[in-house]
Amino acid sequence: MKLLLTSVEQGLIFGILAMGVFITYKILDMADLSVEGTFPFGAFLFAKFISLGINPILSTLLACLFGSLAGLLTTLLFTQLKIRPILAGILTMTILYSVNLKINGRSNIPLFDYDSVFDLGSTLLVLIIIALLVKVLLDLFLKTETGYLLIATGDNEALVKSLGENCNKYKLIGLMIANGLVALSGALMAQHQGFVDITMGASIIVVALASIIIGDTIKKKSSLLKSTTRVIIGAIIYKIIGGIAIDLGLNPDDLKAVNAFIVIAFIAYNNVALDLFKFNGKGGGVKNVTNTQPVQELQQRY
Amino acid sequence: MLRIRNLSKSFNKGTENQVDIFTNFNLTIEKNKCTAIIGPNGCGKSTLLNLISGTFKADDGQILLNDKDISNLTEEKRALFIGRVHQDPSMGVSPTLTILENMSLADKKGEGFSLRRLVNKDRIPKYVELLKDLDLGLENKLNTQVKYLSGGQRQSLSLLMATMKFPDLLLLDEHTAALDPKTSHVVMMKTKELIEKYKMTTIFISHNMRDAIQYSDRVIMLDQGQVILDKASKELTEEELMDIYRRKLDEHLLH
């Protein structure tokens, strides 16, 4: 039971991380690797602010706000200096590694002596409220004019230009929100585990992608289940699977490889296996056409 | 009215692969008229459209739209008064968004995009009316994602979106070339209806001689960055046009 509770709690924290990565990976269709640096960046920023005597809620919010600057840096690198987005993300991540060490002058900071946002009530309840708040705000944003242009930028830049808008502006907005959410998630993780460590961002992008991909697989055809909800559920399932694996005796050292295998397995299932199972031995031709709607429409028209 | 003055454009400038597409090119396109531009591949048709829309920057010269110099404006700024439909049906729409969402985006063009809700329910009757005019049944599919539409349906929607805010100039870049003959005809008819209804100043690029004569008021033939024919469509026949075209192609083959 304790294991399940911890998995759900961490799943909610990673759900916020995954919502951030969802914006870059799914909406803008780009791999922003800077999040590997932004996640610990959020945690180190929180440690700095809380040690300065700022209250935990404000410290968490400030970590989120400053974390979004990582998105600004990555966007400037690829829009102004024309560095490929994937390399721009890696460069930001590399810069943040040194920045993270500089913020507090240490690579590991215990936080047990400080207050945290979880002092406000039960940890699970606080996390549910924060995750839901982020989800609702993101959903509302994606319904605004700016939100739709963010989606259109990932979809078809030519359309955004034809509407008289600059795509780079929307990439900047997307990356700043994404990195802000990743930093928020890092700050929450630091408070949840009670310490900050320089390695906490390593291969975090795999965790985020796994959550997104698992979320995508749930009730694929349901249009009622919003993408943001899927991402949170995906992150929780992912953490539960990982928790059970360790409980069953998996060596934590092997966890990263297992993480990668989970991602590979889900992507392979979506890309390859589904097609294989669907293949029913029929060839082409009119007899095997199952979707007759276009034909009927054509017949009606002519 | 669109006036192009002393326009020059070269690619790979300063290298041994330099290609001079236009040198001191001049052209005037009349207001409220549809002008077809035809010519063999590499004659500069698409480059001309890209120079007008701002996708390419001219090396020299001026482009004046309704007496306003637009030469130094970015592609995005020019898009506020120039509508364009591309050859590829997926270029003018956002495939993961619904028809309603795509039309709502086009409806906001030029008004600025803020944190207000995009889809305005009060505007839906207007969209339905516009879609009904297309006669493709799209008015019943407002909540369908555009990726599920056929090429012809997408191109018709692109056309509607590009013309929704009545641009000062409409550019049609072989917009029916990727469609089958029947769909191409349907889209061309819709295009003609729209252009005539709203008296839009239009430049229409085509490889189809019959379309060029049938759907435009004036036909211009380009070859190596020069206007080699400029006539009112009603004074031309398809055979005459084909003849000139063939002669030009033969000349290219001989040289």
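Helices (H or I, at least four residues) and strands (E, at least two) are DSSP runs, numbered from the N terminus. This is a predicted model, in which local features need pLDDT of at least 70 and side-chain atom pairs count only at pLDDT 80 or more, whereas totals for chains, interfaces and linings use all residues. Residues are numbered from 1 along each chain as its sequence is written, while chains are lettered from A and ligands numbered from 1 in the order in which they are written.

Chain B has eight helices and ten strands, and its C-alpha trace spans about 60 × 40 × 30 Å along the principal axes. The radius of gyration (taken over C-alpha atoms, with a globule rule of 2.2 Å times the number of residues to the power 0.38) is 19 Å for chain B, which agrees with the value near 18 Å that a compact globule of 255 residues would have. Of these 255 residues, 42% count as buried, a residue being buried if 20 or more other C-beta atoms lie within 10 Å of its own, exposed if 12 or fewer, and partly exposed in between, with C-beta atoms placed from the backbone. Among the contacts in chain B with a separation of 6 or more, 68% are accounted for by residues 24 or more positions apart; two residues are in contact if their C-beta atoms, placed from the backbone, lie within 7 Å.

Within chain B there is an open sheet of four strands, with the order β2-β1-β4-β5 and antiparallel pairing, where two strands pair if DSSP finds at least two bridges between them. Its edge strands are β2 (19-29) and β5 (68-69) of chain B, each of which pairs on one side only. Strand β1 (residues 2-11) of chain B runs antiparallel to β2(B) and is joined to it by seven bridges; B:Phe11 has B:Val19 in β2(B) as its bridge partner.

Strand β6 (residues 82-85) of chain B contains B:Val85, which counts as buried because it has 27 C-beta neighbours inside 10 Å. Leaving aside residues up to four places away in sequence, B:Val85 touches B:Gly92, B:Ser158, B:Leu159, B:Ala162, B:Leu172, B:Asp173 and B:His175. B:Val85 also lies 6.4 Å from B:Leu171, C-alpha to C-alpha, although the two are 86 residues apart in sequence.

Turning to the two chains together, 29 residues of chain B are in contact with 20 residues of chain A. On the side of chain B that touches chain A, α2 (75-79) and α3 (99-107) of chain B each supply at least two residues, and the largest share, four residues, comes from α2(B). The residues of this side divide into eleven nonpolar, nine polar and nine charged, where Ala, Val, Leu, Ile, Met, Phe, Trp, Tyr, Cys and Pro count as nonpolar, Asp, Glu, Lys and Arg as charged, and the others, Gly among them, as polar.

Helix α3(B) is largely enclosed by the rest of the structure, because eight of its nine residues are buried. The buried residues of α3(B) include B:Ile99, B:Leu100 and B:Met103, and what covers them includes α6 (145-155) of chain A together with α4 (124-134) and α5 (151-163) of chain B.
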